[in-house]
Amino acid sequence: DIKYDYYSILWRERLQRFFNSQIEHFNSGWSIYKLEYEITGEIDSLKFKGRVDRLDTKSDNLMVIDYK
């Protein structure tokens, strides 16, 4: 049906943009450091715990990536 065709085209375009951005990201020197990384911490006596989907590194830089 027309609705399915529309969403199929929409998601195909979104995925293509995502793939292209990832290729550019890795070609610029970034690499995957950790996947599904659990993190805990405390800020002003507020404790937190969570899971980061991906950590990437480039030289001395760290990028946190959390897919939603």
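Colleague: In which strand does Arg54 lie?

Modeller: This is a predicted model, in which local features need pLDDT of at least 70, side-chain atom pairs count only at pLDDT 80 or more, and totals for chains, interfaces and linings use all residues. Residues are numbered from 1 along each chain as its sequence is written, and side-chain values use heavy atoms, with hydrogens and water left out. Strands are DSSP runs (E, at least two residues) and helices likewise (H or I, at least four), numbered from the N terminus. On that basis, Arg54 belongs to residues 46-58, which is strand S2.

Colleague: Is Arg54 buried or exposed?

Modeller: Buried means under 20% relative accessible area, exposed over 50%, and partly exposed in between (1.4 Å probe, protein chains only). The relative accessibility of Arg54 is 6%, so Arg54 counts as buried.

Colleague: With which tyrosine does the side chain of Arg54 make a polar contact?

Modeller: A polar contact is a pair of N or O atoms within 3.5 Å; within protein, one must be able to donate a hydrogen and the other to accept it, and residues adjacent in sequence count only if both atoms are side-chain atoms. The Arg54 side chain makes such a contact with the side chain of Asp56, at 2.7 Å. It also makes one, at 2.7 Å, with the side chain of Tyr67.

Colleague: How are the rings of Phe18 and Tyr67 arranged?

Modeller: Rings of Phe, Tyr and Trp (its six-membered ring) pair if their centres lie within 6.5 Å; planes under 30 degrees apart count as stacked, over 60 as edge-to-face and the rest as tilted. Three aromatic pairs are found in the whole structure. In one of them, Phe18 and Phe19 have ring centres 6.0 Å apart and planes at 55°, so that pair is tilted. For Phe18 and Tyr67 the centres are 6.4 Å apart and the planes at 75°, so the arrangement is edge-to-face.

Colleague: How many residues apart in sequence are the parts that the pair of Phe18 and Tyr67 ties together?

Modeller: Phe18 is in helix H1 (residues 2-27). Tyr67 is in the segment after strand S3 (61-65), so the pair joins parts whose separation in sequence is 49 residues.
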